[in-house]
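Dear colleague,

Please find below the structure that I am handing over to you. After it I set out, topic by topic, what was found.

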Amino acid sequence: MNTLDPPTDRVDFFHLAQRGFERAERACGVTDVYLGLAGRVIRLRLAGLALQSRVLPALARQQVAATAAPALTIQMWDDVSTGTRLPVLLEIFLREVKAAHGDWLDARHAVRGFNDERVHTVFRLGPQAADILSVFDAAQASAVYWTHDATLLPYWECGSPLQTLLNWWAESEGLQYVHAAAVGNEGGAVLLAGQGGSGKSTAALACLDSDLAYLADDYCLVGLVPEPRVYSIYNTAKVVGHDDLARFPRLAATVVNPHRAATDKALLDLHPRGACRWLDAAPIRAVLAPIVTGQDCPQLLPMSRHEALQALAPSTLGQLAGAHQASFSRMVRLVSAVPCYRLRMGGDVTAIPPLLAGLLATLSPV
């Protein structure tokens, strides 16, 4: 059982975390960066320099001009680069959580007893000193993000940063953060859903040299009103191994972790080198679930709503803390609103773009 009682007021806990950021801000100043996502503006307040180099590259394409009324403010710092420490009560509490994490943390790293309709708290234990505390206050549209040493953040956090906080914020805006890829054109996009290794990244990357534009490789935002619509977030992609990367030789220059561990994916930054045509948002015309087969030519086959939901929902809900019944309901509405297909992928990835373009031509309004 827990040996330390949690604070009785979750809002006070949020304010305690906020005071840690204010201490870092006083120590070394702050940089404000504004992001445009799904027609809203998010302000990142970064104390110190280390986090800027770790989380901003993946979001560089979304940077916009400052606004006086952001939809969300995220206050971010790490101890090492700012020369500060967490407030002592918070430091002691997190040490207890880490020591007895089986008692404190659920399967998605949410801190038991520290989550309600207003305040959400996740403490993700990372390798070395890369633990991440994320706290969100929906009533204030404000969040806190802390890690001890930003230079130790793993590649997946640098490639798709702030997932937990963006997911909570998206829910408060009636949006859904989904584990899916997306490609398309001005007439519409296809959402590629599936577990890791299903082929969605390969299908999306296969479209880089085509007339189709790129929205996402792994994560994106989906809105349902007035129609299903997908929004781009990150300008990165992840490739499993050398064989997959060899399919796209020109992308070798975009790899940002060439000295990665053998178990790590290759992280690609597709933005600064103009590696692809980008699309910020598009109506969703279909949900596709890729599957790798032995056949040469790719093929589209009609798929039931239930099968599409099975491709989209488990991987999304399993990865995102705070995802609950409302998230599931939004995904049910999505697969019920558009056609769904199984994308049977073969060895010839160059045949994927014309197949998807042809589908969009038949589904997009004239």
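**Cysteines**

The count of disulfides in this structure comes to zero, a disulfide being a pair of cysteine sulfur atoms within 2.5 Å. Cys 28 takes part in no disulfide, and the cysteine sulfur nearest to it, that of Cys 158, lies 19 Å away. Please bear in mind throughout that the model is predicted. Cys 28 has a relative accessibility of 36%, and therefore counts as partly exposed. Cys 207, by contrast, has a relative accessibility of 1% and counts as buried.

Seven strands form an open sheet with mixed pairing, and their order is 3-1-2-4-7-6-5. Which strands are at the edges? They are strand 3 (63–64) and strand 5 (119–124), each of which pairs on one side only. Strand 1 and strand 2 run antiparallel and are joined by eight bridges.

**Helix 7**

Is helix 7 largely enclosed or largely open? Nine of its ten residues are buried, so helix 7 is largely enclosed by the rest of the structure. Among the buried residues of helix 7 are Leu 165, Leu 166, Trp 168, Trp 169 and Ala 170, and the list also includes Gln 163, Asn 167 and Glu 171. After helix 7 comes Gly 174, which has a positive phi, near 75 degrees.

**The nonpolar cores**

The largest nonpolar core has 40 residues, and Leu 44 and Ile 74 are the ones that touch the most other members. Several elements give two or more residues to this core, including strand 1 (30–37), strand 2 (40–47), helix 2 (50–55), strand 4 (72–78) and helix 7 (163–172). Helix 7 gives the most, with five residues.

Leu 44 deserves a separate look. Apart from neighbours within four places in sequence, Leu 44 is in contact with Thr 31, Asp 32, Val 33, Leu 35, Leu 56, Leu 59, Ile 74, Met 76 and Leu 162.

**Aromatic pairs**

How many aromatic pairs does a search of the whole structure find? The search finds ten. In one of these pairs, the ring centres of Tyr 214 and Trp 278 are 5.2 Å apart and the ring planes lie at 85 degrees, so the pair is edge-to-face. The two residues are 64 residues apart, and the pair links distant parts of the chain. Tyr 214 is in strand 10 (residues 213–216), whereas Trp 278 is in the loop between strand 14 (266–269) and strand 15 (281–292). Tyr 214 counts as buried, at 1% relative accessibility, while Trp 278 is partly exposed, with a relative accessible area of 21%. Elsewhere, ring pairs link Phe 13, Phe 93, Trp 104 and Phe 114 into a cluster.

Yours sincerely

Methods:
Residues are numbered from 1 along each chain as its sequence is written. This is a predicted model: local features need pLDDT of at least 70, side-chain atom pairs count only at pLDDT 80 or more; totals for chains, interfaces and linings use all residues. Side-chain values use heavy atoms; hydrogens and water are left out. Buried means under 20% relative accessible area, exposed over 50%, partly exposed in between (1.4 Å probe, protein chains only). A nonpolar core is a set of buried Ala, Val, Leu, Ile, Met, Phe, Trp, Tyr and Cys residues joined through side-chain atoms within 4.5 Å. Helices (H or I, at least four residues) and strands (E, at least two) are DSSP runs, numbered from the N terminus. Contact means heavy atoms within 4.5 Å. Two strands pair if DSSP finds at least two bridges between them. Rings of Phe, Tyr and Trp (its six-membered ring) pair if their centres lie within 6.5 Å; planes under 30 degrees apart count as stacked, over 60 as edge-to-face and the rest as tilted.
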